Amino acid sequence: MLVALILLPLLPAALSLVLPWYQLRSWLLPATGAAHLGLVLLMAGGAPPTPHSWIGLDALSRLVLLVTSLLFLGCAFYAVDYLAMRRDRGNRVMVPCLLVFLSAMTLAISARHLGLLWVAVETTTLVSAPLIYFNRNRLSIEATWKYLLLCSVGIALAMLGLMFVGYSALGGGAAASLHFDWLLERAPSLSRPWLHAGFVFLLVGFGTKVGLAPLHSWKPDAYGEAPALVGALLSGGLTSVSFLAILRAMQLMSAAGDQLMARQALVGLGLLSLLLAAVFMVRQPDIKRMLAYSSVEHMGILALGVGIGGLATFGALLHLINNALTKGCLFLTAGNIQRAFASKHLSEVRGALSVLPLSGGLFLAGFLAITGAPPFGPFLSEFTILRGLFAADRPFIAAAFLLLLAVIFIGMGATVLAATQGEAGEPPGRFKDRLLLVAPPLVMLLLVLGLGLYLPEPLRQLLEAGAHLLEVRS
Amino acid sequence: MSDVNSVILLVVILLNFFTLGSARLVACIRAVALQGALLALLPVTVHGFSGHSLILALGAFTLKGLFIPWLLLRAIREVRIRREMEPLIGLVPTLFLGVLATVAAFLFADRLPLLLEHQEGLLVPASLATMLTGFLLLMTRRKAITQVVGYLILENGIFVFGVLLSTAMPLVVEAGVLLDLLVAVFVMGIVLNQINREFATINTERLSALKE
């Protein structure tokens, strides 16, 4: 079943290479996305993975899989109308790359062997590079080069990290293995220095892909120059997948009884990400780069939450869902605004609300959601993390967290309000809101709103099971 | 077999110095090809003949020693670049830094809590020295193609370390890793070509429009 889920997108990907009809090729995306989501929902139950399984789903991977699948479906519908507008660029590269991207993300989420996880994550880097280069101009090539080189080097360091983890298991008599569940079982007997070194390299390597500061330098460029739907998929899907890889390393450290070191590292990186995002978001004149820094910020929040532990872990996992869906909404609407004004710079984007009432409104609402305004989901999850901070008796970190969130709210608000309010100076282009360009972000925002008002019981159980996996095993 | 290993690893380290000190790109790529081809022998010389080590060696030899260098050579023929003209730091200082890094790698490897059977031999220090060389190239060179060479040397260093635990790495995963490396270089080659077409140079310092 899981194998079918991983291979599912590859068939339409192959089909898209030979199909001669442009529209039909685009429609392969939502069709695959819907089938993928359907299968994911069907597989809600299921046995936990065994020590020597290659793939399997536990609570954490189910959560990330659900989020990724939902986000992909939304972006896929958006892609149909987007690609219809961009016939000059064609979709012969975009469609197969997006589908292979989905397959690689699914593989990375379900991998229970660290080597397999690595291969899948590196594959996501490689297939997303052509997606970032979609616009084929000087800026997008610069962004693609930085993304490709930095992420490849980062991932190479993660490879070294998992080799260190493998080395820590050598010498125990039995043949070493990189099966994750096997490692978890034997974690207390792993060689400490090598395990610690492995954790650090895994954190740096996958942290580069997550975009935690100070490893985020590719992020504003890549998100800024990529098409909006690619930005949405990267900032909501790929970051969550890479964060899951960090969580795996964290799980290993907890099982070995060295949780403290892992937690301190995550808290440090998390606070640094929040700080750097706050610095660069104030007076940011480019709406997509602003969203990229917002992504750095929210990855920082995730790291902080998991680093604190307890209630904050639960909050961080909930925030993972909220962040992915809200980022999806924001990027997709920002793409519409960029198309209408032929710019993403504040010097030209003015009065988006009057030009594009729907996209502009959704962008504004998405901004309120992502900065933690009630009653949206992120408010709930950030508040839970804050409660977790106080419960863990870390008042100074809590104060810093609140202060940075306030700075980010003001900084982001200045940019967003300048873009949406006021009079549109230039007579805007012919772009108008279209159904498929507005419905996906609307649905994502409604989901985030729903999550803020009511947390369904099965989802709550899933989050608790996930948080439990990250706690100390005793 | 440990003599053979030592000879291979010494040549690998010498090739590190060669790439750091050479301004000719073709020579650099050939050096990396030779390095990759030599490293591909390690699984066999260290672990002896077995199905696993033979396939791994063959795969690594074809990709690292032949196919990837061929891709790179083709790429520079298309963009007509011969020399690394203006590295950020001169060639002699980088060479000096490379020597320092290698010495540091040897000193550091001595202090690592290695298993008894790995304490002798050059495997770990050579791996560390090669990785550091890759980083030096990545940081000090401006041509996009030299950065790819640096990335390849970094990967070579990691490959050497991987030889220590080839039992833990199933063949499927090794194959996946090599395949990813190949695709990475292939994609980088394409991007390289586009950079050249767009900017009429492959100096990455021109790639600086995106900043705050």
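Here are some questions and answers about the predicted model shown above.

Reader: In chain B, where is confidence highest?
Author: Confidence here is pLDDT, the predictor's own score for each residue, from 0 to 100. Chain B averages 88, with 98% of the residues at 70 or above. Confidence is lowest in helix H5 (residues 116-119) of chain B, with a mean of 78, and highest, at 94, in helix H6 (residues 123-140) of chain B.

Reader: Which helix gives the largest share of the side of chain A that touches chain B?
Author: Residues are in contact if their C-beta atoms, placed from the backbone, lie within 7 Å, and 37 residues of chain A are in contact with 32 residues of chain B. Helices are DSSP runs (H or I, at least four residues), numbered from the N terminus; those giving two or more residues to this side of chain A are H6 (114-132), H7 (138-169) and H10. The largest share, 18 residues, comes from H7(A).

Reader: How many charged residues are on the side of domain 1 of chain A that touches domain 2 of chain A?
Author: The domain assignment, automatic or from a database, gives domain 1 (1-257) and domain 2 (267-474) in chain A. The contact takes 41 residues from domain 1 of chain A and 46 residues from domain 2 of chain A, and H11(A) supplies the largest share of the domain 1 side, 15 residues. Ala, Val, Leu, Ile, Met, Phe, Trp, Tyr, Cys and Pro count as nonpolar, Asp, Glu, Lys and Arg as charged, and the others, Gly among them, as polar. By class, the domain 1 side has 24 nonpolar and 13 polar residues, and its charged residues number 4.

Reader: Are H14(A) and H17(A) roughly parallel or antiparallel to each other?
Author: Axes are lines fitted to C-alpha atoms, for helices over the stretch in contact, and angles run from 0 to 180 degrees between N-to-C directions. The axes of H14 (residues 311-341) and H17 (residues 377-391) of chain A come within 8 Å and cross at roughly 160°. Angles over 145 degrees count as roughly antiparallel, under 35 as roughly parallel, 65 to 115 as roughly perpendicular and the rest as oblique. H14(A) and H17(A) are therefore roughly antiparallel.

Reader: And how far apart are the axes of H2(A) and H3(A)?
Author: Two packed helices are described by the angle between their axes and the distance between the axes. For helix H2 (residues 10-18) and helix H3 (residues 22-42) of chain A, the angle is about 175° and the axes are 10 Å apart.

Key. Residues numbered from 1 in each chain as written. Chains lettered and ligands numbered in written order. Predicted model: local features only at pLDDT ≥ 70, side-chain atom pairs only at ≥ 80, totals over all residues. Contact = placed C-beta atoms within 7 Å.
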